[in-house]
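Morning, everyone. Please have the model open on your screens while I talk.

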Amino acid sequence: MNRRLNILISMPTNEYSERMKLEGILQYAYEKKGVRWNLELDLGGIMSQLSEGKCLSRYDGIIAYVDSEKKRRSLLSIRLPMVLIEDLEVPESFSRRRDVVTFFCDHEAEGRTAANYFLERHYTHFAYVGDLEASNYGAQRQAGFSKAIRAAGHEVHIAPRSTRLEEWLKTLPLPCAVFAANDARARLVMDACAEAVHQHGETGAVGVCIAPRADAVLHQLREQGVRVLVVTQCMYEQA
């Protein structure tokens with residue numbers, strides 16, 4: 001196979017985990033010999049502005065992150081081969097098309113990975129900071145993290161949404177390992193710790209460890225991206 005493949009990639013870049021998957025996709029495209037990839041990242045909402053006819057004429061396939069039923073239905077209305085990265089627990093309109101391959105995000109596994117990362121570093125105090133929107137992925141990450149920590153004989157302090165984060169952090173036993181639902185919440189935790197040190201000279205806040213960007217975790221995320229493009233290539237080789 002030595003044909004040129006024009007692939008539209010529709011993935012969010014505001015989440016660190018999705019950027020790592022995208023990095024894996026680009027890494028595989030760069031290293032794979034015998035295939036000429038033309039990957040176009042949908043940063044400006046290109047896909048929503050194109051008719052199905054224009055999509056069919058410009059692209060050979062689509063790689064897309066799916067976080068709503070509306071987006072899934074819109075994607076499946078386009079008769080192009082595609083790889084979907086699902087971020088919903090139970091899709092209502094699961095595709096039976098042979099030219100559609102679906103990856104499911106296992107957010108509970110992400111929570112377990114964070115827990116194991118902390119446990120391997122011998123932390124004994126743990127906390128979880130969820131997202132403000134009470135999202136499905138946040139609930140799953142909390143469940144995976146909490147189950148793994150409690151199975152190891154420890155408790156997890158859960159940040160209440162009704163309490164200021166700065167005040168809640170002061171109540172945690174130190175040193176404490178904190179797993180945040182997403183990058184934005186992790187940044188708020190770090191900012192709150194920095195503010196506490198600046199205002200009160202409380203060096204204890206430095207004992208809070210934010211979960212994790214360990215090499216093993218980054219490798220897993222990149223590998224997910226690699227597998228997405230491997231599957232995309234296989235779809236065309238078998239066509």
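Predicted model: local features only at pLDDT ≥ 70, side-chain atom pairs only at ≥ 80, totals over all residues.

Residues are numbered from 1 along each chain as its sequence is written, and side-chain values use heavy atoms, with hydrogens and water left out.

Helices first. Helices are DSSP runs of H or I with at least four residues, strands are runs of E with at least two, and both are numbered from the N terminus. H5 covers residues 107-119 and H6 covers 136-151; they pack at about 40°, axes 7 Å apart. Axes are lines fitted to C-alpha atoms, for helices over the stretch in contact, and angles run from 0 to 180 degrees between N-to-C directions. That makes H5 oblique to H6. Angles under 35 degrees are roughly parallel, over 145 roughly antiparallel, 65 to 115 roughly perpendicular, and the rest oblique.

Who touches whom? Contact means heavy atoms within 4.5 Å. H5 residues in the contact include His107, Ala114 and Phe118, and those of H6 include Tyr137, Phe145 and Ile149.

Now the second largest pocket. A pocket is an open set of points on a 1 Å grid over the protein atoms alone, where a 1.4 Å probe fits, with protein on both sides within 12 Å along at least five of seven lines; lining residues have an atom within 4 Å of a point. The pocket holds about 240 Å³, the space filled by probe spheres set on the points, which are joined across faces, edges and corners. Of its 14 lining residues, the closest to the centre are Glu15, Tyr65, Asp67, Asp87 and Tyr137. H6 gives the most to this lining, three residues.

Last, the backbone. Most residues other than glycine have a negative phi, and most peptide bonds are trans. His122 has a positive phi of about 65°, and sits in the loop between H5 and S6. The Leu174 to Pro175 bond is cis, omega near -5°.
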